[in-house]
Amino acid sequence: MRKWLYSIAIMAMCGAVSALGVTIHKDVYDTATVVLEDFSGMNNLASAMTLVTFTSSTNGVATYNYASNAGPEGYITYATLAQSFDPSRYKSMRIRMAVDSDDAGSAVVQVYPTPIGPAGVVGMVVTTGTTLKETSFDLSTKTANGIGARIDTFNHTNDGTDDDCQIDYIMADLGRTIGIEFDHDGDLNQTAQVNLSNVTVQNGFLSGGTTTIGDAQINLLALGAPTIDAGIYKYVEIRLKGDPGDKIDLFWSTAATGGSATPVKVAVEAAENSDGNYHTYLLDFSDEAQWTGNLTSLRLDPVSTTNATFELDYVRFMEVRGPELPEILFFDDFDDTVDNNPTNPAARATGTLANTVKYYITGLTATGEVAVTNGLLDWTGTNALNGDLLTANGGQNLQLSSSAGANSAFNWAPYVAGETYTISFTYRTASASPLTFGLADTPIIGGWDADNVVGFDFAFGSYGVNWQTGSDGISSNTAGATANTEYDIELTIEEAQGLAEIRVNGSLITTRSIDFENAGRYIAFGEPTKYGGYIDNLKVAVDAPLVEKFAVIPALDLIANGNEFQVTNTVTVTHPTVHNVAGTFGDFSTFWSNYVEVVGWTPYYADPDGLTANIGTPGADDGGVPVLDGTFYLDTLLDPNNNWITLNSSMNYRNGMMQEDILNGVTIKAGVNYYLKIDVSQSTSTDQSEATFTAALTMGAGSTHPATAVSGSLISITADSVPTIKEMAYQTATISGANLLAAQTSGPVNLIFDHVNAKAIADYPVSPNPTNIAQVSQLRIASVSLTVNSPANDLNKDGILDEDDVALANLYLAGDGGETATNRQDILTGEGFTPAQALAYLNLTDFDIDGDNDFDAADIVALEGLLPGYGNWAANALLTAGVNDGLLDDVEAGGGDGFNNLLEYALGGDPLAYDAADLQPVLMAMKEGGTDWFYYIQNRRTEDPSLSYVVLLNNNLIYGTPVTNAPIGQSAEVGGFTTFTNRTDVDNVEFFQLKVQKD
């Protein structure tokens, strides 16, 4: 896993592009700079000094003296530096210093990054004097380990007087950087201020306020500032805070803009976004055409209103921007001074999902057993050490939920699946029993013994800091925990590599393989019986991508709103989430007056026994009259938490949903197969023994009858044969493009699915029990799709392997506008990915045509060799281009076998072999239904849409016009070929003719 060092904990937000070619990012980048020493204390930070003495450290600057009688050369060593750095990433070192060497006009300052030695030296000429100036040292060719540095500040012969050196800071940068830092108290660092009052530099930042005039300005290139070449320094990073509701502007000019007289304005932050907190703004000028040559002016307006205040930490001009920080999806520090709601953390939580994630806590028997108090989510009740408010109450479990206080597990999969992400939290144990943790791919409530619950894919608990991968079968690491001790836990889940790293109090405890078999990601905690504890700082964050992934090419889905069902016109009165589908006959009291429409779907039903007439008003309380008032036998529900539509049925009630005219405007390809796939599961609490599930594509406006099903599309199965859990198995049907085309020409094609239960309702219609669960069948539909059934190597998922797939492969190999595919793979393998894992991470597994775990130019060649076109066939058949590869050539030795290359290609022959007898269509006689028939069976290539086949009939071989004979059957495809069968009755004298044509 890639480790980005020296991250700053800031919230991720999206970048915005200004009207100029400037992209502005707010708080999304890790710092490109490491502060190695800032000399903010009073102590001497040097680990060794040669011919140099430490004088003082005041106002953020350390002063060293080179005595008049000292001989060359004097230097200062920092080993180790206050902060180490990785020189393989940080290629530059900046030191702001003043070297007063008396009458010498300049001095050579040498830096020896450790390990110290001549091979590591970097020298720069520094103007001598008492003014602090920044000097950069190029480390890009050095092999230093970044532990420390030796600075030869007095690399000259002493002139007989004492010399001084002052050092403000030492910093390391990813690339060449010029910094305007404010680390020296009282030092404005060569900047000038206009319309500002109370300007001061203190504690590492420049602060001030606006006058009554307004128009506050900080001129950053005012008083002897260094030359800034915009061609090198494409990024400007600014860290500051202004007053809430204020705005920040940056004015700049170069020769390309007309010089300083015509500055260009970039609105760094609009007024409605400023919140009075520190933020880091990264301005990317790499796409700005006028950001070229030397900057002639640069002015920062930190506030815009009168009587406003600000603080400016730094402005940096950078050759290289920092890498992205992890995106914080959710963070709750349980700050009860902000909000103490134990189930709805939205008011205090931060992150992308702050307003989405809720809590569900089970096992509560009294108010306050689990409370947000003292900055914690506290299980301890009134006992500061252990135990709940009530003894032996069975413990409480915390589930990250979609609804506050409801059992509706929140699915993290859309945000984390396939990524590298961290789950971190602080917890305190009690009586050697931790608050347990579980991560699963199916919804599950937390438990006190998570370690032994196979439903968790990864868990710890119940005794000690035990770690396992649950259902994947790797045993626990039983390291005991201490009662009433706080632990910091960080789990790093690397799904791309199938690994999980576990850290306790910063130390790596173990690394485990982990494998999610299902699509969900669910998080839960549990508290052991009678033992308390607390949780703090609960965070879920996704790591910044190591490299950008290539876009996944999805299979074309012809069903709109068939997954993660979208709804409209929602009416909520009773239940917070589950609703009756409008227009249906659900009448269960829990959902009375709750309605929703499912976008694009229409309910339908058949009611041969008149049940709907006996429920009264659907979705309403009729006081028990008529006899089925309040029943759930006819429910059609939408449950957004589980993402399914529920269909209930009893006594022959046909309960279904339809999407009409699904092929309207859709281009269907005759040579392509289409795949109907439905995720349907049954409820284990109801009786499916006499129920049937049906799905089909139907023909005709509004048709819901299975008799009108498109050939091959009908699914009809017993309801008790479907899974009891969604996403476990799917009901499928394969429909040929030819059959869909035929259906499309006859009128609208619809999609239906429904459910019929034949079980009778006892005592109906006189005095039945309207809520007897044994008399109802319940099925749940979680998704439905109709997609192209792509052949192997169909990279663009259009159902055909052709030149378009080669074009896509070439586009991805070149990088599709970003880093090349080769470079991205190299970066990942350099980070420890296996080649196969790198391909999977980049969504390139299907592009590895030759199977060598690498996507490169050889795969393009291999893909071209698989194209079904005639040219590839001829080359693979060893025909010679321009010599014997013509369509009408018959090239077998001795004059051919009577089948030219076109027929050999179309029927599956070998143009160099005498195989005409094997390719001839088969003619056979058979009696069927009292009629004698001649059957004509021939091969057809399925993978080349440029081929067309027609069987003709005529009563002689010379005269008359033949007629087309339609096939009566087709076999399944095998190896790119299928067989078609035609027939004619024996009573007529007729001749079959197969006509093959290539466009």
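Gly438 stands opposite Ala524 of strand 36 in this predicted model. The two strands concerned, strand 31 (residues 436–440) and strand 36 (residues 522–526), pair in the antiparallel sense over 5 bridges. The protein chain as a whole contains 9 helices and 57 strands, and 50% of its 999 residues count as buried.

- In general, the strands of a sheet pair through backbone hydrogen bonds, in either a parallel or an antiparallel sense.

- Another open sheet has 8 strands in the order 38-40-39-42-43-50-45-48, and its pairing is mixed.
- Its edge strands are strand 38 (567–571) and strand 48 (731–736), each pairing on one side only.
- The twist here averages 30 degrees from one strand to the next.
- Within this sheet, strand 43 (residues 644–649) and strand 50 (residues 777–789) are paired in the antiparallel sense over 5 bridges.
- Asn648 has Gln778 of strand 50 as its bridge partner.
- Helix 2 (residues 737–745) lies across strand 45 and strand 48, and runs at about 75 degrees to strand 48.

- Thr686 is located in the loop between strand 45 (673–682) and strand 46 (691–699).
- Thr686 counts as buried because its relative accessibility is 12%, and the limit for that class is under 20%.
- A polar atom of the Thr686 side chain lies 3.2 Å from the backbone oxygen of Ser683.
- Leaving aside residues up to four places away in sequence, Thr686 touches Ile773, Val776, Ser777 and Gln778.

**Strand 3 and its partner**

- Strand 3 (residues 33–37) is largely enclosed by the rest of the structure, because 4 of its 5 residues are buried.
- Strand 3 pairs with strand 13 (residues 163–173) in the antiparallel sense over 4 bridges.
- One of the residue pairs involved is Thr33 with Asp173, its bridge partner in strand 13.

**Whole-chain properties**

- Among contacts in the protein chain with a separation of 6 or more, 69% come from residues 24 or more positions apart.
- The protein chain exposes about 41100 Å², of which carbon and sulfur atoms supply 51%.

**Confidence of the prediction**

- The mean pLDDT of the protein chain is 84, with 88% of its residues reaching 70 or more.
- Over residues 1–19 pLDDT stays under 50, and the model has 62 contacts beyond four places in sequence for this stretch.
- Over residues 463–481 pLDDT likewise stays under 50, and the model has 75 contacts beyond four places in sequence there.
- Where pLDDT is low, predicted coordinates should not be read in detail.

Notes:
Residues are numbered from 1 along each chain as its sequence is written. This is a predicted model: local features need pLDDT of at least 70, side-chain atom pairs count only at pLDDT 80 or more; totals for chains, interfaces and linings use all residues. Side-chain values use heavy atoms; hydrogens and water are left out. Buried means under 20% relative accessible area, exposed over 50%, partly exposed in between (1.4 Å probe, protein chains only). A polar contact is a pair of N or O atoms within 3.5 Å; within protein, one must be able to donate a hydrogen and the other to accept it, and residues adjacent in sequence count only if both atoms are side-chain atoms. Contact means heavy atoms within 4.5 Å. pLDDT is the predictor's confidence in each residue, from 0 to 100. Two strands pair if DSSP finds at least two bridges between them. Accessible areas come from the Shrake-Rupley method with a 1.4 Å probe; for residues, only the protein chains shown count as cover. Axes are lines fitted to C-alpha atoms, for helices over the stretch in contact, and angles run from 0 to 180 degrees between N-to-C directions.
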